[in-house]
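Have a look at the structure first, then read on.

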Amino acid sequence: MPSRRYVQGWGALSLAVGAVLVTTAAAQDPAPGRAAVAAARGPALLTVGTCSVTGGLCRVPRTTVTLDAPASVELPGVATGPVDLALRTPGRLTDVTVTDRRGRRIAGRAGGDGTRWTSEVPLPAGGAYTARLVLEEDRPGGVRRRILRLAVRTAKAPVGERLTVAFGPGEGAPGRTYGVGQPVTAQLSHPVPAAEPGARRIVERALEVRSEPRAEGAWHWVDADTLHYRPRVYWPSGATVRVRSGLDGARVTDRLHGGRSRPLTFTTGSRVEAVTDVAAHEMRVYRDGRLLRVIPVTTGKPGFRTRVGTKVVLGKESMVRMRGDSIGIARGSREFYDLKVRWATRVTWSGEYLHAAPWSLDAQGSEDVSHGCTGMSTEAARWLFRTVREGDLVRVVHGYGEPMTPFGNGYGDWNLGWPEWLRGSALGVRPARPGSAGSPLRPAL
């Protein structure tokens, strides 16, 4: 992650740079004859161009701007990469600061010889930016210092397809509280295939996640139009999580530009975990590490073993009808069932629940007799139903079933180790900066 203290969380955006208005401001010099000295310096010339891609070569033609008088410039074509400023007269740029209309700094890097500055990312369309350049020139009698200001506007994005994002959980529902295991989901309106890694990087850099307290986290591409974000080790209890897209106006591909997306804010509650030990036939429920209750349970019998691993509560239903044919058991077979079940806490989309099972009381605590769900007494199921919320953690240990899959059947995200999770990012693996917020791959605003 870059060490510069620049804001870039909203930034991997690619756009045409439009008219550039130029003004200058000479450094204060109380000595007489200032106008004559300024004239002796000659005009300061700067060329403005764009780079083909982030980190790539900056292309020509470039436009030269005179910084000693108001001027304007329009760059040809659609900018596909960062903006590049290069000094064309003797001297050196000792400081370059570029800010947007809200005063946020744009990340950039200076050339080693002091004659060039390149933004870390492209500039969004329809924006207004101000560059403050400090120019030092060697003159008879010593070093002369000038402060130059460059006002930049970027053209609006062309009309065409817009890439928007629907965030989850509970798209746009402010103030709702979830468990510490709840991943953030991003559903794209158009697919961005793995064969377009540059486009994926643009999208991923533009999706910002901030939490307070801070938590190290990263995005993972589930498929061409779905990303998940999770912290390295769960969310902190009592955290506020804010998610937004900076894609509006971004050039993602030749045919696809970013559009506006609704942000998401949610909070997390206490760290609640329900840990089912299949071998011991019991479930232990913890809140913030403190044991609340031990519940005798029964889990999946041979042929219907309960999946092992970490799951996340998807929802709760006080009454749900369960039928054997929903999991492939034929009607009329000995294993078929059709039951109304109370106090059901769902952990997979395929129908695995933690629920009341009064018909198996004799087996609870001693034998596995279910078709994959975790059964318990009606009183215990009602207590669990009222204790957990969406996003809370459910772990199955010492079992015999197949591992919980990371994606596609609920939120199995936590079954991937952190290095494996980072391999699903388009940005590559980078070490986190101590004290950083949000993703270790990109600083937040």
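## Charges over rings

Arg-293 holds its charged end over the ring of Trp-383, at 5.3 Å from the ring's centre. Here, "over a ring" is a rule: NZ of Lys or CZ of Arg must be within 6 Å of the ring centre and within 35 degrees of the ring normal. Lys-316 lies over the face of Phe-385, with 4.9 Å to the ring centre.

A quick word on the source: this is a predicted model, where local features need pLDDT of at least 70 and side-chain atom pairs count only at pLDDT 80 or more, while totals for chains, interfaces and linings use all residues. Residues are numbered from 1 along each chain as its sequence is written, and side-chain values use heavy atoms, with hydrogens and water left out.

## Rings meeting rings

Rings of Phe, Tyr and Trp (its six-membered ring) pair if their centres lie within 6.5 Å; planes under 30 degrees apart are stacked, over 60 edge-to-face, and the rest tilted. By this rule there are seven aromatic pairs. Take Tyr-178 and Phe-266: their ring centres are 5.6 Å apart and their planes meet at 85°, so this pair is edge-to-face. Because Tyr-178 is in strand 12 (residues 177-178) and Phe-266 in strand 19 (residues 264-268), the pair ties together parts that are 88 residues apart in sequence. Strands (E, at least two residues) and helices (H or I, at least four) are DSSP runs, numbered from the N terminus.

Tyr-178 and Phe-266 are both buried, meaning under 20% relative accessible area with a 1.4 Å probe, protein chains only. Tyr-229 and Trp-235 make a stacked pair, 6.2 Å centre to centre with 20° between the planes, and both are buried too. Ring pairs join Tyr-178, Trp-219, Tyr-229, Trp-235 and Phe-266 into a cluster.

## Nonpolar cores

A nonpolar core is a set of buried Ala, Val, Leu, Ile, Met, Phe, Trp, Tyr and Cys residues joined through side-chain atoms within 4.5 Å. The largest one has 35 residues, and Val-203, Leu-207, Trp-219 and Leu-247 touch the most other members. Which element gives the largest share of this core? That's helix 2, with four residues. A second, separate core has 21 residues, including Leu-87 and Trp-117.

Definitions and conventions
Buried < 20%, exposed > 50% of the residue type's maximum accessible area, 1.4 Å probe, protein only.
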